[in-house]
Amino acid sequence: MCSPYTLTEMTPPPAGSGAPLGGLRVLDASTFLAGPVCCSLLADWGAEVVKVEPRVGDPTREMGGGRVSDGLSALFIAANRGKQSIAVDYTSEPGRAIVARLAAASDLVVHNQRDDVATALGLSRRALSEAGSTAVTCTISAFGPEGAYAGRPALDSMIQAMTGMSALTGDPDGVPMRAGSQVIDVGAGLAAAGASVAALLGRERGLGSRPVSISLFDLGLLYNAGFVTLRSAQGASPPRLGNRSHPLLADQFAAADGFVVLAVWDRRRWTLLCEALGLPDLGADPALAGNDQRLADYPPVRSALQGALSTRTCADVCARLQTVGVLCCVTADLDAVAADPHTRSSGAIYEERRLAGQSVEMAAGPFRLDGRRLIADRPPPRLGEHSAEVMSAWLGASDAECAQLTAAGVLQ
């Protein structure tokens, strides 16, 4: 097994690294996953990110199973690298004033607060404009700023259920199922990061500080974009097909020692697949020559393929099919993914050694710049770890002022 990439092997030194968002100040006033993922990506790209939290902290600090380090949950660690944390009493007037001043000192404010809370904390575009700030705001919500459900809360699994994703996922004879990962939240974080950078570029080009809004519901529909159009064209909702793809023959099959996924869409690959599995007559059948023909008569097709695959090992299947150019892979659990030579040699997972207590492995993310992965130069923060530091650097507060605010319970 290849050794895991260490952080220093993956990341150039912060000084002179050429991170594209260097010098940009981002206030992460969000909770849960979508906003934190967005701001963690911005930190990877060089932005200075401050996570402002109520004194109880982001709820994800206590979610997601066992604590990993410093009492932090794995979920929180995964979505909050690269940030400083300041903890403020949101219920007090001095605390809300601090949040408003931090927002006004930012280039970008990311939050998932209700409109009334955002206004009270000075996070809204109107409040920032009144404060003379040109900060761009990015608001992440379940349903966006308009529509019948505007203002209504919802979480990842609910959005999957409401946008048809769950109805399309799972065994055809079973119940609707959510995806195993938080695909809505992570996808919303990616969308928010891209939209925020676009808005900041627009500001630099003289287009003003236009607010960004990200809707989890809209994102769920975007994931289902092909199915939305298919339903409209056919006049009925597409059926749930389990592991099988709707547009082509791509499915999961049981091998002798695990599961494999294979995919073919044209006649040439179909013929190669059948010949590699010892099914030349199936590949030569003119009734199955086209992709749509194979899908229309899929049960016997699947049965024949499954029969040929069930006695072969995963390694044998993949070796045979990859040799002839048929797409194939082994279905892996996370233990296998972490040990995979590509995962290790590419740096897709790296070892985070800067947490007190223990080192953990983290996903690096899909982005490279000039051939290098960018990983933020700070580990996920403890609650309020940088309160005094942020107050000084962003707001010019003295040590005495910070001590007074801490004694009063405004800062933690």
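How are helices H4 and H18 oriented to each other: parallel, antiparallel, perpendicular or oblique? In this predicted model, in which local features need pLDDT of at least 70, side-chain atom pairs count only at pLDDT 80 or more, and totals for chains, interfaces and linings use all residues, H4 (residues 93-104) and H18 (residues 387-395) pack at an angle of about 50° with their axes 10 Å apart. Residues are numbered from 1 along each chain as its sequence is written, and side-chain values use heavy atoms, with hydrogens and water left out. Axes are lines fitted to C-alpha atoms, for helices over the stretch in contact, and angles run from 0 to 180 degrees between N-to-C directions. H4 and H18 are therefore oblique to each other; angles under 35 degrees count as roughly parallel, over 145 as roughly antiparallel, 65 to 115 as roughly perpendicular and the rest as oblique.

The crossing of H4 and H18 is left-handed, a term used where the near helix is turned anticlockwise from the far one by less than a right angle, with right-handed used for clockwise. On the H4 side, Ile 98, Arg 101 and Leu 102 make the contact, and on the H18 side Val 390, Met 391, Trp 394 and Leu 395 do so; contact means heavy atoms within 4.5 Å. The residues of this contact comprise 6 nonpolar, no polar and 1 charged. In this division Ala, Val, Leu, Ile, Met, Phe, Trp, Tyr, Cys and Pro count as nonpolar, Asp, Glu, Lys and Arg as charged, and the others, Gly among them, as polar.

The protein chain contains 19 helices and 16 strands, where helices (H or I, at least four residues) and strands (E, at least two) are DSSP runs numbered from the N terminus. Its C-alpha atoms fill a box of roughly 85 × 50 × 40 Å along the principal axes. Of the 412 residues of the protein chain, 46% count as buried (buried means under 20% relative accessible area, exposed over 50%, partly exposed in between, with a 1.4 Å probe and protein chains only). Among contacts between residues at least 6 apart in sequence, 68% join residues at least 24 apart.

An open sheet is formed by 6 strands in the order S6-S3-S2-S7-S8-S9, with parallel pairing; two strands pair if DSSP finds at least two bridges between them. Its edge strands, S6 (83-88) and S9 (212-215), each pair on one side only. Neighbouring strands of the sheet are turned against each other by 20° on average, direction ignored. Within the sheet, S7 (residues 108-111) and S8 (residues 136-141) are paired over 4 bridges in the parallel sense, and Val 110 stands opposite Cys 138 in S8.

Helix H2 (residues 34-44) lies across S2 (25-29), S3 (48-54), S6, S7 and S8, and runs at about 160° to S2. Helix H9 (residues 216-223) lies across S8 and S9, at about 60° to S9. The loop between S2 and H2 holds Phe 32, a residue other than glycine with a positive phi, near 65°. Phe 32 is partly exposed, with a relative accessible area of 31%. Val 186, in helix H8 (residues 183-204), touches Leu 33 and Val 37, residues up to four places away in sequence not being counted. Because its relative accessibility is 37%, Val 186 counts as partly exposed. The C-alpha atoms of Val 186 and Ala 256 are separated by 35 Å, the two residues being 70 residues apart along the chain.

Strand S13 (residues 349-352) is joined to S14 by 4 bridges, the two running antiparallel. The bridge partner of Glu 352 in S14 is Val 360.

Asp 257, in the loop between S10 (249-255) and S11 (258-264), is in contact with Thr 313 and Cys 314, leaving aside neighbours within four places in sequence. The C-alpha atoms of Asp 257 and Leu 374, 117 residues apart along the chain, are separated by 38 Å. Asp 370 is placed in the loop between S15 (368-369) and S16 (372-373) and has a positive phi of about 55° although it is not a glycine. Asp 370 is exposed, with a relative accessible area of 80%.
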